[in-house]
Amino acid sequence: MANRAFLEIQRIDHLYRPVEERRRDFNAVEMTLDQAALHEQAVRCMNCGIPFCQGCGCPLGNAIPDFNAAVVRGDWKNAWDILEHTSSFPEFTSRICPALCEGSCSASINFGAVMVRQIEKAIVDTAFERGYVRMPPPASRNGRTIAIVGAGPAGLAAAARLNRRGFQVTVYDRNAAPGGLLRYGIPDFKLPKALIDRRIELMEGAGINFIGNTVVGEDIAVDYLARTFDAVIMCGGTPAARELRVPGRELSGVHLALELLSGQNRFNSGELSELPVSAKGRRVLVIGGGDTGSDCVGTCNRQGAAAVTQIEIMPRPSETRPASNPWPDWPRIMRTSSSHEEGCIRRWSLSTLRFIGDNGRLSGAEVAPVEWRRGTDGRMIPVPDESGKEIIACDLVFLALGFLKPEPVPEPVSGRIFHAGDAARGPSLVVRAVADGRRVAGEVEKVLLEAGR
């Protein structure tokens, strides 16, 4: 049965609460698989001789076939032990990771990938329910101290690993509470913030110190940290959003995506008493077709927007893998998120030329179709066709165009400074930030312990 299950059992693709129910709240959109269905989905794992899901797909190197097999046996403790060995925060990644592993699953070629992300979520949720998840303080400290700047996924992953190895870790963050974009960017309906609070409580209990409302470089100098601690790890992420410099950008009603997303999350948590910006009753235009744009769509619908349109400068993706995008690479195909299902007009190959308005207030966006042509340097560039210009009526725009790698922080005269996550590698996925935080923590440990010999 196990060898043929991927042929005989269909993958479950839809696990969302009903649209009309979930649009009215910020609770998690996903439902939970029952044990019988979960067992069936885990049985679909082919237990490949070469697990591409683990080697090519997962940045953390999770032993996916092994924890799938443990779930099939009903051995949840062993499944948790396998998962925890490589994954610092599976309660986060199992909810917000795009599941790169599933894109490189052997079964995905013709039969539908194994539901790795849902199995991982079931493992970590069961582990918390049964008390398997523990973060005790280290048996002893090694006398070395570490400062981590940024309490996002990279900083948290580095802190957890170094603390476990006996280092005394202090994490600084500009926000009131730890989590970075996990807390202040990703909507609650995708990642409930109680999960972050639960993990931070475990980390504090293990001896990790968190200091919030502190901007390193303004409230406290990098030089001071370098003098005070044995090493400093910069994990500030990529807080600078990519702008759209077109006429009319200054009009009231044009906002960056994080103004909406962060404001809503802070309001939900009680950090703010009112929303900084609300889409209630408004005609909304979201510019940018990625996950951030999708999150804006879902948030605006929950706020009561009159209508939501999302535009993207890239062409509409194909429904199946193009020849230029072979397995086991991540499939660049057309995707519809839970937020899109809740109500959204989606359009592609459109460039925004300018914003228009009356008396300083936005009333529309002028757009034009684009054709992608190869430039003299070999790169593809968008060429607007102004003969096809049109105006999309809107009174609220959110720019969801991605984020920019920050300018390097001036290095102190002396001291050991390391960099991890998006701050080092540019904007990417949470799972990659966690993996990089773990990797850099290993480098720090090696450098400091070898220096002490």
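Which residue stands opposite Gly 364 in strand S13? The residue is Ala 393, and the pairing to which it belongs is described below.

**Basis of the model**

The structure is a predicted model, in which local features need pLDDT of at least 70 and side-chain atom pairs count only at pLDDT 80 or more, while totals for chains, interfaces and linings use all residues. Residues are numbered from 1 along each chain as its sequence is written, and side-chain values use heavy atoms, with hydrogens and water left out.

**The chain as a whole**

The protein chain contains 18 helices and 16 strands. These elements are DSSP runs numbered from the N terminus: helices are H or I with at least four residues, and strands are E with at least two. The radius of gyration, taken over C-alpha atoms, is compared with a globule rule of 2.2 Å times the number of residues to the power 0.38. For this chain the radius of gyration is 23 Å, close to the 22 Å that the rule gives for 453 residues, so the chain is as compact as a globular protein of that length. Along the principal axes, its C-alpha atoms fill a box of roughly 70 × 65 × 50 Å.

Of the 453 residues, 51% count as buried. Buried means under 20% relative accessible area, exposed means over 50%, and partly exposed lies in between (1.4 Å probe, protein chains only). A contact requires heavy atoms within 4.5 Å. Among contacts between residues at least 6 apart in sequence, 71% join residues at least 24 apart.

Two strands pair if DSSP finds at least two bridges between them.

Three bridges join S6 to S14 (residues 396-399), and Leu 256 stands opposite Leu 399 in S14. Axes are lines fitted to C-alpha atoms, for helices over the stretch in contact, and angles run from 0 to 180 degrees between N-to-C directions.

Another open sheet of five strands, with parallel pairing, has the order S3-S2-S1-S4-S16. Its edge strands are S3 and S16 (417-419), each of which pairs on one side only. Four bridges join S1 (residues 145-149) to S4 (residues 231-234), and the bridge partner of Val 149 in S4 is Met 234. Helix H18 (residues 430-451) packs on this sheet, touching S1, S4 and S16.

| Pair | Bridges | Residues opposite each other |
|---|---|---|
| S11 and S13 | four | Gly 364 and Ala 393 |
| S11 and S12 | five | Val 370 and Pro 384 |

The hairpin of S10 and S11 has two residues between the strands, and Asn 359 there takes a positive phi near 55°. In the hairpin of S11 and S12, with five residues between the strands, Gly 378 takes a positive phi near 90°.

Thr 352 is found in S10 (residues 350-358). At 9% relative accessibility, Thr 352 counts as buried. Leaving aside neighbours within four places in sequence, its contacts include Leu 244, Ile 311 and Val 367.

**Helix H12**

Helix H12 (residues 193-205) has 13 residues, which at 1.5 Å a residue should span 18 Å; its end C-alpha atoms are 18 Å apart, which agrees. The expected span is 1.5 Å times one less than the number of residues. Buried in H12 are Lys 193, Leu 195, Ile 196, Arg 199, Ile 200 and Met 203. Seen down the axis, these buried residues fall within an arc of 145°, so they line one face of the helix. The arc is that of the directions from the helix axis to the C-beta atoms. On the other side of H12, Ala 194, Glu 201 and Gly 205 are exposed. The cover over the buried residues includes helices H7 (90-96) and H9 (116-129).
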